[in-house]
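Please consider the following briefing, intended for a reader new to this structure. It treats the ligand surroundings and then the aromatic side chains.

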Amino acid sequence: MRSSYDVIIVGAGPGGSITAKTCAQAGLEVLLIEKRQEIGDPVRCAEGVGKEGLIHHIEPDSRWIAAELKGSMIFAPDGTEIKMSEEASSQKAGFNLERKIFDRVLAQQAAMAGADVMVKTRATGLLRSNGSISGIKVMYMGEVTEIKASIVIGADGVESKVGRWGGIDTSLKPVDINTCTQFLVSNIDAGEYNKFYIGEKYAPGGYLWLFPKGEHTANLGLGILGSKCGTVRPISLLHKFMETYMPQGKIIEMVVGGVPVSGPIKQTVANGLILVGDAARQSDPLTGGGIINAMDAGKIAGEVCIKAKEKGDYSVKILKEYEDRWRATIGKELSKSLMIKNLLIKVSDEQLNQLAHSLSGIDTSKMALPKVLPILFKKNPKILWELRTLFI
Amino acid sequence: MSVIVNRYKCGYCGACVGVCPAGALELVETWIEVDNTCTSCGVCAKICPVGALVVIK
Ligand SMILES: Cc1cc2nc3c(=O)[nH]c(=O)nc-3n(C[C@H](O)[C@H](O)[C@H](O)COP(=O)(O)OP(=O)(O)OC[C@H]3O[C@@H](n4cnc5c(N)ncnc54)[C@H](O)[C@@H]3O)c2cc1C
Ligand code: SF4
Ligand code: SF4
């Protein structure tokens, strides 16, 4: 093991691996560390991604694509069905991944680009010198060592500590997290659409999902807003759903997890430090999707690290470009989604039914949400008034 | 220690670590550790997806 690098990345999820690959390809000396002994496992994800977002980063490969989707369907509490996002020339549908393999392939690509990778290696703190972060403390096989770096990237997911160690409080309030349970269910007809069931009836402050992973198997999961959790738990609600609607289903895997739904946080860089992906709370507050955002942010972070190395300046002055660029892109989308999330948690099941009914007679099957929303707003201004700034 | 972790229930997802305002929790691969900075605020137990945590006030 070397004692110093240009960039050390903490966490080998999609965000960390893309950052590592981007830096290594430019010739920077890079170390990617992962505390688990197996990258990508256990999975904490429903594994759905949009095609367009994915192909910016990697060529789709059948080794890690479990299913290709026709589109998505949303079910209102009374069962009204809304079909959306079917493949059209402008609007591609998505994939459901096999993240155990996908995450490992991304780390492999970083390694092939020249990054060193260490697994079963946990960051336990940061090093500092002259007012800047200058490396990390790590534990590997029970031994603690120090490794120096010009920049540390915190890509350490929902449980991120790197930001906090660096003075950025990223702790999530209960209203800022979706708490989830998911079963990989077999012996069912999975279909070719990602299905979303919305309303208090299924998942208070969140939704229930069924994402196909093959003909007879799907990720069946449920997330509720942390502030609504306690007396009910995602795991019990999910069991209840299965007993009622899918009694024949067999559970062959279980996943639990939390997704940040806070929207953009105030600060994601410090001297010698950048936060990426879930660690920077960049997952979508409405959908909980965070894979592509983490990869996009990782790419930007990598590019900014390359610039910093060229200039020999690792202070906020240079790293701020990361902050500006992700806010102008990912951040804008997060803010929109946050507005919708904040409204939806107040809307009753009856109102959700009304919204769904108002689309009857309109073919939404080729439209994505950004196209459907203005139609909903036009037809239901009272319920959706809070969102007017998105349309007017 | 003021939080009891039922490690037979815990799915080691790290959600509790993300919400702890004191930074008292740590996910070490497959188990949760609690340090002495815990203030017994109860947030971790509230949001755990499977109810694996009990906070002693
Ligand atoms: C139930 C559920 C369903 C989801 N469904 C979807 C979906 O369908 N589509 C979608 O796009 N997103 C989904 N998400 C969100 C998605 O999983 C995350 O947004 C995505 O994984 C974020 O990537 P990341 O690289 O930022 O972090 P992660 O993938 O979480 O990776 C972080 C890594 O850092 C490691 N780490 C943490 N601390 C340390 C440390 N101290 N030292 C070393 N390593 C450390 C962790 O072990 C982990 O491997 C879902 C999340 C959950 C919980
Ligand atoms: S939130 Fe619950 S299941 Fe997840 S790591 Fe914490 S105690 Fe375990
Ligand atoms: S009770 Fe509060 S302070 Fe203690 S571990 Fe849980 S979240 Fe952290």
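**Ligand surroundings and aromatic contacts**

Around ligand 3 stand Val3(B), Cys20(B), Pro21(B), Ala22(B), Leu25(B), Cys38(B), Thr39(B), Ser40(B), Cys41(B), Gly42(B), Cys44(B) and Val55(B), a residue being near a molecule if one of its heavy atoms lies within 4 Å of it. This is a predicted model, in which local features need pLDDT of at least 70, side-chain atom pairs count only at pLDDT 80 or more, and totals for chains, interfaces and linings use all residues. Residues are numbered from 1 along each chain as its sequence is written, chains are lettered from A and ligands numbered from 1 in the order in which they are written, and side-chain values use heavy atoms, with hydrogens and water left out.

**Ligands 2 and 3**

- The shell around ligand 3 has 9 nonpolar, 3 polar and no charged residues; Ala, Val, Leu, Ile, Met, Phe, Trp, Tyr, Cys and Pro count as nonpolar, Asp, Glu, Lys and Arg as charged, and the others, Gly among them, as polar.
- The residues around ligand 2 include Cys10(B), Cys13(B), Cys16(B) and Cys48(B).
- By class, the shell around ligand 2 comprises 9 nonpolar, 2 polar and no charged residues.

**Ligand 1**

- Ligand 1 has 34 residues around it, of which Gly15(A), Glu34(A), Ala46(A), Gly48(A) and Asp278(A) come nearest.
- A polar side-chain atom of Arg36(A) lies 3.1 Å from an oxygen atom of ligand 1.
- A polar backbone atom of Glu47(A) is 3.2 Å from an oxygen atom of ligand 1, and for a backbone N or O atom of Ile291(A) the distance to a ligand 1 oxygen atom is 3.0 Å.
- Taken alone, ligand 1 exposes 1,000 Å², and the protein buries 94% of that (Shrake-Rupley method, 1.4 Å probe).

**Aromatic side chains**

- Over all chains there are 13 aromatic pairs (ring centres within 6.5 Å; planes under 30 degrees apart are stacked, over 60 edge-to-face, the rest tilted).
- One of them is the stacked pair of Phe377(A) and Trp385(A), at 6.3 Å centre to centre and 15° between the planes.
- Phe377(A) is buried, at 10% relative accessible area, whereas Trp385(A) is partly exposed, at 47% (buried is under 20%, exposed over 50%, partly exposed in between; 1.4 Å probe, protein chains only).
- Ring pairs join Phe75(A), Tyr197(A), Tyr202(A), Phe241(A) and Tyr245(A) into a cluster.

Conventions: Rings of Phe, Tyr and Trp (its six-membered ring) pair if their centres lie within 6.5 Å; planes under 30 degrees apart count as stacked, over 60 as edge-to-face and the rest as tilted. A polar contact is a pair of N or O atoms within 3.5 Å; within protein, one must be able to donate a hydrogen and the other to accept it, and residues adjacent in sequence count only if both atoms are side-chain atoms.
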